[in-house]
Amino acid sequence: MSSDSTPPLAAALRAGAVVLDGGMSNQLESAGHDLGDALWSARLLAERPEAVTEAHLAYFRAGANVAITASYQATFEGFARRGIGREEAARLLALSVELARDAARRARAEGITRPLWVAASAGPYGAMLADGSEYRGRYGLSVAELERFHRARLEVLAGAAPDVLALETVPDADEAAALLRAVRGLGVPAWLSYTVDGDRTRAGQPLAEAFAPAADADEVIAVGVNCCAPKDVGRAVRIAARVTGKPVVAYPNSGESWDAAAHAWDGRAGFRAEQVAEWREEGARLIGGCCRVGPRTITTIARTLTPA
């Protein structure tokens with residue numbers, strides 16, 4: 001956990017809004033790094049770890065309070081396909097947390113005094129497949145099978161002592177059920193965020209039903225949405241707040257959409273600063289951006305949520 005006097009994230013959420021970072025991949029790509037393989041940003045954990053630290057630091061400088069680690073697509077199975085054994089894969093998973101911690105230490109050395117936290121990212125099963133299925137769900141696996149898949153790396157990430165586990169971009173309520181089971185007993189709080197289409201998960205379940213199990217999960221300190229269109233956030237925030245009574249997390253994409261076949265983004269950005277204030281009024285407390293949202297937008301969000 002945080003080694004300075006930073007309060008627990010759950011306490012901060014009870015007190016007000018907290019600023020999340022933006023997209024790790026676009027920040028790395030803007031620095032000139034090629035992410036064109038199945039491991040995506042997780043490849044740089046092995047090849048260019050200093051680049052990951054720099055990306056986190058850019059977001060802290062921009063006004064973020066929370067750095068989300070580069071472990072979204074980091075799994076034992078994915079690393080194995082690249083010839084990386086289990087022991088080294090576990091080291092890289094833990095390293096993702098340490099790199100974010102190092103960025104926080106560097107931010108402190110630069111004079112940044114606001115609270116800083118590290119969220120260890122655990123993406124959905126579909127992220128490991130690298131075929132766009134994290135935007136569909138329905139993998140043909142049972143809840144028990146998904147729990148086993150997630151538990152192994154969550155144990156490693158929790159052992160690296162992040163402030164929170166980010167169970168993110170979940171497309172399917174069944175996978176959410178598996179994740180809620182997988183985090184039990186790890187001793188680290190978590191947030192759960194779905195990727196959505198309108199008022200349903202990507203797999204088609206009504207959000208009211210999908211959010212409901214998180215209401216009784218003691219480990220979950222926030223619930224909400226990420227990696228979705230900004231236009232879908234407001235309604236989802238209202239549903240999450242009403243159903244769970246917990247602080248809501250919201251960090252959408254820029255508004256562009258991902259074309260899995262072409263491996264490219266399409267459409268126009270539609271993330272507006274005034275939306276952030278509206279989401280806060282609806283119950284959002286953890287607010288930032290996901291894919292294609294960079295430091296400039298995070299600065300705007302920080303100024304909106306925590307004006308001088």
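In this predicted model, the largest nonpolar core brings together 79 residues, and those with the most contacts inside it are Leu-154, Leu-165, Leu-167, Leu-192 and Tyr-194. Helix H6, spanning residues 86–109, supplies the largest share of this core, with 10 residues. Apart from this core lies another, of 21 residues, which includes Ala-12, Tyr-135, Val-249 and Leu-286.

Leaving aside neighbours within four places in sequence, Tyr-194 is in contact with Val-170, Asp-172, Ala-173, Ala-176, Thr-201, Ala-210, Phe-211, Gly-224, Val-225 and Asn-226.

Helix H9 (residues 173–182) is largely enclosed by the rest of the structure, because seven of its 10 residues are buried. At the start of H9, a side-chain oxygen of Asp-172 comes to within 2.8 Å of the backbone nitrogen of Asp-174.

Turning to charged pairs, the model holds 14 salt bridges. One of them joins the side chains of Glu-47 and Arg-82, with an N to O distance of 3.8 Å. Glu-47 lies in helix H3 (residues 43–47) and Arg-82 in the loop between helix H5 (76–81) and H6, so this pair ties together parts that are 35 residues apart in sequence. Both ends are partly exposed, Glu-47 at 43% relative accessibility and Arg-82 at 41%.

A second salt bridge pairs Asp-163 with Arg-101, the closest N and O atoms being 3.0 Å apart. This pair links distant parts of the chain, 62 residues apart, with Asp-163 in the loop between H8 and S4 and Arg-101 in helix H6. Here both partners, Asp-163 and Arg-101, are buried.

Arg-238 and Glu-282 form a further salt bridge, with 3.4 Å between the closest N and O atoms. Arg-238 belongs to helix H11 (residues 233–244) and Glu-282 to helix H12 (residues 273–282), so the pair ties together parts that are 44 residues apart in sequence. Arg-238 is partly exposed, with a relative accessible area of 39%, and Glu-282 is likewise partly exposed at 31%. Finally among the charged groups, Glu-98, Asp-102 and Arg-105 are joined into one network by salt bridges that share partners.

Most residues other than glycine have a negative phi. Arg-138, although not a glycine, has a positive phi of about 55°. This residue, Arg-138, lies in the loop between helix H7 (125–129) and helix H8 (143–159) and is partly exposed, with a relative accessible area of 48%. Ala-161 is not a glycine either, and its phi is positive at about 60°. Ala-161 sits in the loop between H8 and strand S4 (164–170), the loop that also holds Asp-163, and counts as partly exposed at 27% relative accessibility.

Key
Residues are numbered from 1 along each chain as its sequence is written. This is a predicted model: local features need pLDDT of at least 70, side-chain atom pairs count only at pLDDT 80 or more; totals for chains, interfaces and linings use all residues. Side-chain values use heavy atoms; hydrogens and water are left out. Helices (H or I, at least four residues) and strands (E, at least two) are DSSP runs, numbered from the N terminus. Buried means under 20% relative accessible area, exposed over 50%, partly exposed in between (1.4 Å probe, protein chains only). A nonpolar core is a set of buried Ala, Val, Leu, Ile, Met, Phe, Trp, Tyr and Cys residues joined through side-chain atoms within 4.5 Å. Contact means heavy atoms within 4.5 Å. A polar contact is a pair of N or O atoms within 3.5 Å; within protein, one must be able to donate a hydrogen and the other to accept it, and residues adjacent in sequence count only if both atoms are side-chain atoms. A salt bridge is a side-chain nitrogen of Lys or Arg within 4 Å of a carboxyl oxygen of Asp or Glu.
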